[in-house]
Every structure is written in C-alpha cells, then in structure tokens.
Amino acid sequence: MPGMLLGDEFPNFEAETTFGKIKFHEFLGDSWAVLFSHPRDYTPVCTTELGRAARLSGEFSKRSVKMIALSVDSLEDHHGWTKDILAYNCVESDCCSLPFPIIADRKRDLAVALGMLDPDEKDKDGMPLTARCVFIIGPDKRLKLSLLYPATTGRNFDEILRVVDSLQLTAQKRVATPADWQPGDCVMVPPNMPEEEAASLFCAGVYHKDLPSGKKYLRYTPQP
C-alpha cells in the first residue's frame with residue numbers, strides 16, 4: 001500500500017475542505033502542519049478527538065502549526081457533524097466554528113495514497129476504515145513524524161502538541177529529547193557530538209549520568 005516515509009516531500013494535493021478548495025503546499029505556506037485522519041463522520045471517538053483538537057488549536061497556532069483533518073464523507077456531512085463536535089467540547093459563546101478545515105475524501109483517494117487504511121476494521125459495506133493517522137509536516141514540506149493508530153483507539157492531542165515542541169526544538173538546536181520530556185526539561189546531547197564540541201556549544205554545562213557499563217553516553221544539558 002502506498003504511504004509516506006520520514007523525510008519524504010509531502011504531496012501537493014488538491015482537496016475540497018470545509019474552508020473551500022485548497023492546494024496543500026499553498027495552505028501550508030511557511031508553517032508547520034498537523035494532518036490527522038478519521039474513520040467516518042458522526043462517530044463517537046472521532047467527535048471527541050476533533051473537539052479536543054479544537055480546544056487546543058490556539059496552542060498549535062502559537063507554534064505556527066496549521067491543523068487540518070480528513071474524513072471520508074461529504075462536505076455536507078462535515079458541516080453537519082461540526083455542530084455536534086462543537087456541542088461536545090466547546091463553550092458556545094467561545095466557539096461557533098471549527099478553527100481548522102476538514103478534507104472531504106469520499107472516494108478515499110487521499111486515504112489510499114497516504115497509506116491511511118486500517119485493513120482490520122471494516123465499515124458496514126465491508127470497506128476498510130480510514131485509520132487514525134497523524135502526519136506532522138515541516139515548513140520545508142517534508143514529513144517530520146508519522147503516527148498510525150487503529151480506528152478503535154483515540155489519540156492524545158496533548159501528546160501531539162508535545163511532539164511538535166520537540167520537533168521544533170530539535171530542528172533549531174543540536175539536541176535530542178528523552179522519554180517523557182516536557183518543554184523546559186533538560187535535553188540530551190546527541191551521541192555523535194564530541195565532548196569538546198558539546199562543552200563549547202552548551203554553555204550551561206553538560207552532565208553525565210553514571211552507568212554500570214562506565215560508558216558516558218547519557219549526557220544532559222539544560223534546554224537551550
């Protein structure tokens with residue numbers, strides 16, 4: 001099945017969305033993007049996800065990230081479903097429309113081209129459901145991260161936001177982020193960086209964790 005690999009240039013597809021017709025690269029501009037797909041409109045897990053994404057849209061915007069969803073139903077269905085999404089997770093006076101577009105992919109052209117289908121979950125017609133994909137695309141139009149959840153498992157959008165923070169930091173600074181890292185935590189010095197270079201680059205200091213092996217590969221520094 002076709003799909004995307006890390007570092008691939010994301011296709012400049014054209015699509016009908018709830019915000020009108022787009023060309024993806026023009027939509028992206030100089031921003032980052034999060035493209036996330038859904039199995040179907042008017043389904044329970046999808047409704048909770050889009051509601052949470054709407055709640056966090058301001059945080060993504062602060063990071064120059066454009067959000068765009070995809071579902072395999074019509075624009076008419078998308079617009080009707082939006083009312084349920086807003087009713088689920090938005091205060092009416094604060095949120096009267098989704099702050100990001102939803103792509104209509106009725107023929108599953110994009111779902112197939114981007115490798116989004118879940119072969120183990122079928123719809124009422126026996127067709128594979130669209131999986132819960134997350135693609136994070138950089139300003140250079142290249143794929144920076146790909147997550148693929150089964151149709152039955154909802155995503156954690158706080159985690160997606162954390163991943164964006166890590167991707168943007170490591171794109172700007174020569175560091176890595178350890179497990180469970182949060183913005184402001186110490187980061188790690190890449191293993192291919194010599195000690196002398198690390199000492200000169202990270203003025204706040206480099207700290208080693210002692211290990212039974214005696215090897216000095218766990219090196220930390222305050223977030224630059």
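**Strands and aromatic rings**

Visitor: Over how many bridges do strand 11 and strand 12 pair?

Guide: This is a predicted model, in which local features need pLDDT of at least 70 and side-chain atom pairs count only at pLDDT 80 or more, while totals for chains, interfaces and linings use all residues. Residues are numbered from 1 along each chain as its sequence is written, and side-chain values use heavy atoms, leaving out hydrogens and water. Strands (E, at least two residues) and helices (H or I, at least four) are DSSP runs numbered from the N terminus, and two strands pair if DSSP finds at least two bridges between them. Strand 12 covers residues 219–221, and its antiparallel pairing with strand 11 runs over two bridges.

Visitor: How many aromatic pairs does the structure hold, and of what kind is that of Phe-36 and Phe-100?

Guide: Rings of Phe, Tyr and Trp (its six-membered ring) pair if their centres lie within 6.5 Å; planes under 30 degrees apart are stacked, over 60 edge-to-face, the rest tilted. The structure holds six aromatic pairs. The centres of Phe-36 and Phe-100 are 5.7 Å apart with planes at 70°, so this pair is edge-to-face.

Visitor: Is Phe-36 buried or exposed?

Guide: Buried means under 20% relative accessible area, exposed over 50%, and partly exposed in between (1.4 Å probe, protein chains only). Phe-36 has a relative accessible area of 0%, so Phe-36 is buried.
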